[in-house]
Amino acid sequence: MSMDAASKEPLYGFLPRRVKGNQVRKAMEHELNPFTKQPHTAQYRKILATRQKLPVFAQMDEFLKMFSENQVIVMVGETGSGKTTQIPQFVAYSDLPHTRGKIVACTQPRRVAAMSVAKRVADEMDVQLGRQVGYSIRFEDMTEPGTTFLKYMTDGMLLREAMNDPRLERYSTIILDEAHERTLATDILMGLLKNLVKQRSDLKLIVMSATLDALKFQKYFGLRSDTTAPLFKVPGRTHPVEVFYTQEPEPDYVEAAIRTVLMIHRAEDPGDILLFLTGEEEIEEACRKIKIEADDLTNQDPDSVGPLQCIPLYSSLPPQQQQRIFDPPPPPRTSTGPPGRKLVVSTNIAETSLTIDGIVYVVDPGFSKQKVYNPRIRVESLLVSPISKASAQQRAGRAGRTRPGKCFRLYTEKDFMKELEEQTHPEILRSNLSNTVLELVKLGIKDLVHFDYVDAPAPETLMRALELLNYLAAMDDDGNLTALGSMMAEFPLDPQLAKMLITSTEFKCSNEILTITAMLSVPNIWLRPNNQRREADAAKAKLSVPDGDHLTLLNVYNLYKLNEHNKGWAWQNFISQRSMIQAENVRNQLQRVMERFEIDSISVTDEKKLYQNIRKALVCGFFMQVAHKEGEKGSYMTVKDHQVVGLHPSCGLETQPEWVIFNEFVLTTRPFIRTVSELRPEWLIEIAANYYELESFPDGETKRALQRVINKRAGRPVAEIGYATKRSGKQLAAEIESANNGRPVKKQKTGRGG
DNA sequence: CCCCTGGGG
């Protein structure tokens, strides 16, 4: 080669996937940016100098060699190793995707991470964000087709893409980051990609995780049963954290936590504190108590105890208040007084999603709220449960980000060793999988039971999902995706909502159902501040429609749009502006999908008819979520499952109608149904005849009431809309049975209680 | 007479 070519072409002599460390280092030091051909900026050189100090940088040669020689690599890198920013760049230099029209993708479990890492890496590579380096998350595609060759994205986004391109042909290398978090999307992607690398020898895969899970992934991605995928290991760069345990178990962890925080504040050196609690109410209560006691301490002993600033942190807090965690600690009261201290009281949002610098002390009571799914009663609920060892370690690590720290665990060392699980159960074992199953079937996975999961979900959970999809006519009796099901999978919605939205044109109210669907897909829109409950309830009552909560949601959205010019409208009506903006975004996105399928957005003009049709459309998706009033005390019984439920206090119905349809079942102090509308029982017979075949119903008031409706209707024709197909169940049972190692599956009795 | 741990499309 001539010196001339090398001086103008930083990547001269690079052979894809056979690139060596010294070549890359030279290219990075080159006067020209190899990807833009522009001279490097001064900022680039400054950032490069700091990059070169990262632990992972010292192992570039080793990494590139392993990347050249292997199709799949498992990599572990602890906090501070620089793996998320550097490894994708190393890969880009070796893979040279830009020369082949390909993309290197790096997935993240969270949107903020995908955005902020992409920004950082664009700076490091001296390119404009959204050009050579970009990101892709829901509602925001910050990439340029043909130009972007390094893309950070959420795991859910890559899964969506796989539905339309199961071979993921655009990608030359896929990097799954934070795989140890085991999100639903990452788990499904691991299964798909394990299969895909066998079919696409040109596709490389890197799975990045924390140390504890590495061997599991190495085994999973071993090409044969007796081999493991190679491991690439990078040390982290954190400070030591000293861990303390209690001598005896603490009967009341909130009380113990408050005591420990005050002890630290009184006796330990300066440095901020992070306390983990389980939920909003607990956090606000603890903050109140700590503030009172800390103020007392400071007043009693102003020369040795400084001021304590208490900051709550949980996801439903407005972003502006969340920002407070980055405020500096309060100043001393007097110029010679003891320094102030910051205390952040947080849910496990601070365990992975948000990093607070300056934390030196962590107080860990050992609990968090975790989602659990009970397939027998088809209910997801949140339970306060002990955390795993991995979580406890993650929490402790939060004390050592800026200097050596201390972690106070409010449980005994013996309990830590003996009682805590190694890992938090992956989400796939704790969730309702109806959405996931629809996605998998759309991806062409026919045999769901024998799919190669990292951890296989309970057969009964799969059965529940298949059963629901079959009732919704998304799948036929042979387990094939129907045309309707294929369309449903394209909507970023739960199957019930997708079905309701698609079929709503038949009732000439798709415009309204589109709004309702969007409103049901965002967090609670109703604000209820502690000190203004009465005002909030009154505002809500004014917006409520007597026929049901679904129509109230529609009403709120329409009024919100009518008052768009009035900035204060949401606040004055105790409505969450944040949720409304989100609903608007979701609605637009759904409308685009509808347009793609040429589903018209229409409204019947007769208002009375419109309101009735809307509730009929609800039945198309939610006929399995119906309850019948039994007895006089306002208690309801869900159909078929025979669960006794109450109307949730947030429900806006004026009366207690005999029949109601509900959006969700929540198990809190007792079972409640939430977001409820009145319905006429004849709609059930008309719209979901197969589900409402009475032979399969348990005896009781509900069945008798339905029988009366059927008798009255006898001889009248049924409408031809939104029918659920007849379900044989045989095929499902066979699948489940084989998954159960040939043992027959016990027939589940539907009954009360959890 | 109540809850929304956290994340994703």
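## A buried serine in a loop

Ser388 is buried, with a relative accessible area of 3%, where buried means under 20% relative accessible area, exposed over 50% and partly exposed in between, for a 1.4 Å probe and protein chains only. Ser388 sits in the loop that links strand S15 (379-386) with helix H14 (389-397); helices (H or I, at least four residues) and strands (E, at least two) are DSSP runs, numbered from the N terminus. The side chains of Ser388 and Thr424 make a polar contact at 3.0 Å, a term for a pair of N or O atoms within 3.5 Å; within protein, one must be able to donate a hydrogen and the other to accept it, and residues adjacent in sequence count only if both atoms are side-chain atoms. When neighbours within four places in sequence are left aside, Ser388 is in contact with Leu420, Glu421, Glu422, Gln423 and Thr424, contact meaning heavy atoms within 4.5 Å.

This is a predicted model, in which local features need pLDDT of at least 70 and side-chain atom pairs count only at pLDDT 80 or more, while totals for chains, interfaces and linings use all residues. Residues are numbered from 1 along each chain as its sequence is written, chains are lettered from A and ligands numbered from 1 in the order in which they are written, and side-chain values use heavy atoms, with hydrogens and water left out.

## The surface near DNA strand B

DNA strand B is surrounded by 37 residues, of which the closest are Arg111, Ser315, Lys369, Asn524 and Thr668; a residue is near a molecule or strand if one of its heavy atoms lies within 4 Å of it. By class, this surface has 11 nonpolar, 14 polar and 12 charged residues, with Ala, Val, Leu, Ile, Met, Phe, Trp, Tyr, Cys and Pro counted as nonpolar, Asp, Glu, Lys and Arg as charged, and the others, Gly among them, as polar. Of the atoms of DNA strand B within 4 Å of the protein, 61% belong to sugar or phosphate, and the rest belong to bases.

A polar backbone atom of Arg111 is 2.3 Å from a phosphate oxygen of DNA strand B, whereas a polar backbone atom of Asn524 is 2.6 Å from a base nitrogen, and a polar side-chain atom of Asn435 lies 2.9 Å from a base nitrogen of DNA strand B. The elements that give two or more residues to this surface are helix H7 (155-164), helix H11 (280-300), strand S14 (367-374) and strand S21 (671-678), and H7 gives the most, with 3 residues.

## An open sheet and its helices

Strands of a sheet pair through backbone hydrogen bonds, either parallel or antiparallel. Here 6 strands form an open sheet with parallel pairing, in the order S9-S16-S13-S10-S12-S11; two strands pair if DSSP finds at least two bridges between them. Strand S9 (241-245) and strand S11 (308-313) are the edge strands, each pairing on one side only. Strand S13 (residues 359-364) and strand S16 (residues 405-409) run parallel and are joined by 4 bridges, and the bridge partner of Val362 in S16 is Cys407.

Helix H10 (residues 253-267) packs on the sheet, touching strand S10 (272-276), S11, strand S12 (341-346), S13 and S16, and its direction makes about 155° with that of S13. Such axes are lines fitted to C-alpha atoms, for helices over the stretch in contact, and angles run from 0 to 180 degrees between N-to-C directions. Helix H11 lies across S10, S11 and S12, running at about 180° to S11.

## A closed barrel

A closed barrel of 5 strands runs S17-S18-S19-S21-S20, with mixed pairing, and the twist averages 50° from one strand to the next. Strand S17 (residues 626-630) and strand S18 (residues 635-638) run antiparallel and are joined by 4 bridges, with Ser635 in S18 as the bridge partner of Glu630.

## The loop between H5 and S2

Lys102 lies in the loop between helix H5 (83-95) and strand S2 (103-108) and is buried, with a relative accessible area of 18%. The side chain of Lys102 reaches the backbone oxygen of Glu169 at 2.7 Å, and these two residues are 67 apart in sequence and 8.2 Å apart in space, C-alpha to C-alpha.

Leu96 lies in the loop between H5 and S2, and has a positive phi of about 50° although it is not a glycine. At 4% relative accessibility, Leu96 counts as buried.
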